[in-house]
Amino acid sequence: MRALEAIYIARGLTSGLLKIGRTWNVPSRLRALARTAEPVELLATVAAPPSFERELHRRFAAALEPSRGREWFRDDGAIRAFLATLPEAQRGSCVFAPGPKRKVRRRTDAEREASRRAATERYYAHVASVARSHGHAPTLPLRDCPKCLAHWEAHLARSRKSEATRAARRAASALLYPLHHRATGARETA
Ligand SMILES: [Zn+2]
């Protein structure tokens, strides 16, 4: 058996016009209508072949509102009378209105740079506070402070880097702790 599209009848909440259309996805279609035409109230859905939609369009042609295309009709009572003949399970009321517009804005290069800079500042602030808690300057080489070494090891253990990467970083950091980088101008190689 072939799946059938839904013929839907909806009322425009602004114009009061009735729309007869068909779709595979009623909620999606009505959300789109609400966005592009006007908020709508779904009144009925009928699973039926496309020929049934054409038949309804013909039946109510006298009330067609031509300024809105082929599917919007004035509410002269005829469509309401037809709705009343439908089984209750096919009738109902559900309003679709456009939600608030979501603001999606790409960050500018300057904003990205500012956020990178802020992250770097936070990193150095963290480093400075660790060094302060150890009672030495932030530029003290890692190997000179057992607590810094332990801190660094713990950081390495938490990171998901491969063992090879960890070994390389351990060797490198034994020579030059990142604390040192700002003072020397050297770059951290992650
Ligand atoms: Zn330390």
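**Figure 1. Overview of the elements in the predicted model.** The protein contains seven helices and five strands, and the model shown here is a predicted one. Read from the N terminus, the elements follow the order β-β-α-β-α-β-α-β-α-α-α-α. Of the 190 residues in the protein, 19% are buried. When contacts between residues at least 6 apart in sequence are considered, 61% of them join residues that are at least 24 apart.

Figure 2. The five strands are arranged in an open sheet with the order 4-2-1-3-5, and their pairing is antiparallel. Strand 4 and strand 5 are the edge strands, since each of them pairs on one side only. Helix 2, which covers residues 50-59, packs on this sheet and touches strand 1 and strand 2, and the direction of helix 2 makes about 165° with the direction of strand 2.

**Figure 3. Strand 3 and its two antiparallel partners.** Strand 1 (residues 6-12) and strand 3 (residues 40-47) run antiparallel and are joined by seven bridges. Two of the facing positions can be picked out by name: A10 stands opposite L42 in strand 3, and G12 stands opposite V40 in strand 3. Strand 3 is also joined to strand 5 (residues 91-96) by four bridges, and these two strands likewise run antiparallel. Here E41 has V95 in strand 5 as its bridge partner. As a general point for reading such a view, the side chains of a regular strand alternate between the two faces of the sheet.

**Figure 4. The largest nonpolar core.** This core has 19 residues, and those that touch the most other members are I9, A10, L30, V40 and L42. At least two residues of the core come from each of strand 1, strand 2 (18-23), helix 1 (26-36), strand 3 and strand 4 (72-73). A closer look at I9, leaving aside residues up to four places away in sequence, shows that I9 touches L18, I20, L43, A44, I79 and L83.

**Figure 5. T139 in a loop between two helices.** T139 is found in the loop that lies between helix 4 (109-134) and helix 5 (146-158).

Technical notes: Residues numbered from 1 in each chain as written. Predicted model: local features only at pLDDT ≥ 70, side-chain atom pairs only at ≥ 80, totals over all residues. Buried ≥ 20, exposed ≤ 12 C-beta atoms within 10 Å, placed from the backbone. Contact = placed C-beta atoms within 7 Å. Pairing = 2+ DSSP bridges. Core = buried A, V, L, I, M, F, W, Y, C linked by C-beta atoms within 7 Å. Axes fitted to C-alpha atoms, helices over the stretch in contact; angles between N-to-C directions.
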